[in-house]
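The following exercises are to be worked through with the sequence and the structure at hand. Each task is followed by a solution in steps.

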Amino acid sequence: MLKIGPRGEAGPGVASATTLIVTRRATFAAAHVLRRGDWSEQRNREVFGACAGEHGHNYTLEVSVTGPVDAATGMVINLKELDRAIRSAVVDQVDHRHLNRDVLFLDGVIPTAENLALAFWSQIDANLEGARLERLKLVESENNSVEIRR
Ligand SMILES: [Zn+2]
C-alpha cells in the first residue's frame, strides 16, 4: 500500500522501492505496402495478402516507461517529456507519410507491424531520458497489434 505524505508526496522509502509503469498513447496515419521486389507478384500476394497492395492505417502507439516516483514531482516521468520523445522520435516522421518511401529510419524495411514496432523501439529508446523504456505496443487495426517488452 502506497503511503502518501502530508503534502502529497510518497512516503519515505516507498517511492524509491516501488517501480511504476507509465503509459503514453499517440496516434498517426500512414500508408504502406507489404511486398518484396525480389518476389513475384503471385508470391507477394500469397504471403502478404491484401497488404501487398497500397493502403493505409490509423495506427495507435502505446509507449510505457518505468522508474521510481520522483518525490518532488510525484511523477515517474513528466508526460510532456514522454510525449515530446515519442513525437520527435517517431510520430513527426511517420504521420501522413508513406512508410516504404518517406521515412529515413525505415529505409529498406518491410513495414510490417513487427518491423515498425522494432524500429520505433530503437528510435524512442535513443531519445528517452529520465526513465526506462519498458514496453511498446503498436496497434495497426482493430484486429492486429504487436507488443515488445524489454
Ligand atoms: Zn497494412
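A residue is termed buried if 20 or more other C-beta atoms lie within 10 Å of its own, exposed if 12 or fewer do, and partly exposed in between. The model examined here is predicted.

**Exercise 1.** Determine whether His-96 is buried or exposed, and describe its backbone.

Solution. Step 1: locate the residue; His-96 lies in the loop that joins H3 and S3. Step 2: count its neighbours; there are 10 C-beta neighbours inside 10 Å. Step 3: apply the cut-off; because 12 or fewer neighbours define an exposed residue, His-96 is classed as exposed. Step 4: inspect the backbone; the phi of His-96 is positive, about 60 degrees, although the residue is not a glycine.

**Exercise 2.** Classify Asp-83 by its C-beta neighbours, and state how far it lies from Arg-24 in sequence and in space.

Solution. Step 1: Asp-83 belongs to helix H3, which covers residues 79-94. Step 2: the count for Asp-83 is 16 C-beta neighbours inside 10 Å, so this residue is partly exposed. Step 3: Asp-83 and Arg-24 are separated by 59 residues in sequence, while their C-alpha atoms are 6.9 Å apart in space.

**Exercise 3.** Describe how H3 and H4 are placed relative to each other.

Solution. Step 2: the axes of H3 and helix H4 (residues 113-127) come within 9 Å and cross at roughly 135 degrees. Step 3: this angle makes H3 oblique to H4. Step 4: the crossing of H3 with H4 is right-handed. Step 5: on the H3 side, the contact is made by Ala-85, Ile-86, Ser-88, Ala-89 and Val-90, and on the H4 side by Phe-120, Gln-123, Ile-124 and Asn-127. Step 6: sorted by type, the residues of this contact comprise six nonpolar, three polar and no charged.

**Exercise 4.** State which helices and strands the protein has in order, and where confidence is lowest and highest.

Solution. Step 1: the protein contains four helices and five strands. Step 2: along the sequence, they follow the pattern α-β-α-β-α-β-α-β-β. Step 3: the mean pLDDT of the protein is 90, and 89% of its residues reach 70 or more. Step 4: confidence is lowest in helix H1 (residues 14-17), with a mean of 56, and highest in strand S3 (residues 97-98), at 98.

Technical notes:
Residues numbered from 1 in each chain as written. Predicted model: local features only at pLDDT ≥ 70, side-chain atom pairs only at ≥ 80, totals over all residues. Helix = DSSP H or I, 4+ residues; strand = E, 2+ residues; numbered from the N terminus. Axes fitted to C-alpha atoms, helices over the stretch in contact; angles between N-to-C directions. Parallel < 35°, antiparallel > 145°, perpendicular 65-115°, else oblique. Left-handed = near helix turned anticlockwise from the far one by under 90°. Contact = placed C-beta atoms within 7 Å. Nonpolar A, V, L, I, M, F, W, Y, C, P; charged D, E, K, R; others polar. pLDDT = per-residue confidence, 0-100.
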